[in-house]
Every structure is written in C-alpha cells, then in structure tokens.
Amino acid sequence: LKAKGDTKWLIYMYDPAGEAYHDTENLSAHLYLGYLSGMVMIIDPFSIPYVRAQFEHELSKSWTEVKPSQLNVEDSLDRVLMTLEESFNLSKTGKIKNPIAVVINKVDAFGLENIIGDSAVDKILSGNKKKFDRDSVRNDLIKRQLIEWGEEAIVQQLDARFKKVNYFSCSSLGRIPDHTN
C-alpha cells in the first residue's frame, strides 16, 4: 500500500486451505506463523448449526451454489489457538497481541445482508438520533448476532484471547452464485 508514492505497508496474506484446520499438525507445518502480525478469521454463516437450520429450506434449493462449509467454527478456532500457543509458547489463557478480524461471509444469501451486513448497520445508524461510531455499531451487531445464533463461546473465546477483535461482514459477489460462477 502506498501513500503519496511511498510504500508505507506491505501486506502479505496467507490462506491455508480449509483442510489445514482439521488438525493442529497441518497448521503447524505452515511457516507463515513466523511472520504473523494479524489474522482474518472467515466464518461461513451456514457452518453455524442454528443458521443452517434456519435456512434449511432455502439451502436445500441452492446447496451447490452456496456451498456451506462443513468445518465447525469453534473447532477451527481451537486448533488455531493451539497452534499459536505451541508456535509462540503462549499460555492457554494469555492474550494474543496480534489483532484479529472476524469476517462473516456470504451475507448476499437469503437476506443476511439485512441482518448483519451494511444494510443492517445503516438501518441502526439512521434510526438513532445520537451519533454512533459505524465500526462500533457493526462490531456490536455481529457479536450479538453470533450469540443469538448460539456461538457465544466463539465470541467469548475471541474476546478472552485476542487484545483486539473487530467484526465484519462481506459478500464476494453481491448475490448468490449461479451456474455461471
């Protein structure tokens, strides 16, 4: 990233395959941990049992387009934390200084944009006379929704283990994929 022609930041993103999260040995083999300065945790909302059940009818019609993840969110986070503890000799209760961005993807599916996306944030901001910080509203909205979906343990674990946690939502296409994607 450049500011006024000068390179200010160099961003290198490493994305291990989802299969790497099935056990800690696979994660430990990746050498990116030595360069870690922040993390992005992407959560497929349809990997959350409550959400999958809530949208069961819609998913049955578009399973191949939405492609819900089969990875359990809590198990994946546990494996990442165990790998970080082993790689950096961290205690099981210590705070991780590197920030983490928690991103709920696929909000283009089945109206999730109106629940946890920018549309939901805009609605909250427009309905309040007080001036609120957009980032705080988004963080609170997504955290509350994760808790409502039965993922309180994830929220608590993230808050307990990371010094800085921010929540985001995204859509890769802005619509549900179809056979042309």
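Reader: What makes S4 and S5 a pair, and how many bridges join them?

Author: Strands pair if DSSP finds at least two bridges between them. Five bridges join strand S4 (residues 100-104) to S5, and the two run parallel, so they count as paired under the cut-off of at least two bridges. Val102 stands opposite Tyr167 in S5. A strand here is a DSSP run of E with at least two residues, a helix a run of H or I with at least four, both numbered from the N terminus.

This is a predicted model, in which local features need pLDDT of at least 70 and side-chain atom pairs pLDDT 80 or more, while totals for chains, interfaces and linings use all residues. Residues are numbered from 1 along each chain as its sequence is written, and side-chain values use heavy atoms, without hydrogens and water.

Reader: Why is Glu85 called buried?

Author: Buried means under 20% relative accessible area, exposed over 50%, partly exposed in between (1.4 Å probe, protein chains only). Glu85 has 8% relative accessibility, so it counts as buried. Glu85 lies in helix H4 (residues 73-88).

Reader: What is Glu85 in contact with, leaving aside neighbours within four places in sequence?

Author: Contact means heavy atoms within 4.5 Å. On that basis Glu85 contacts Leu90, Ser91, Lys92 and Arg161.
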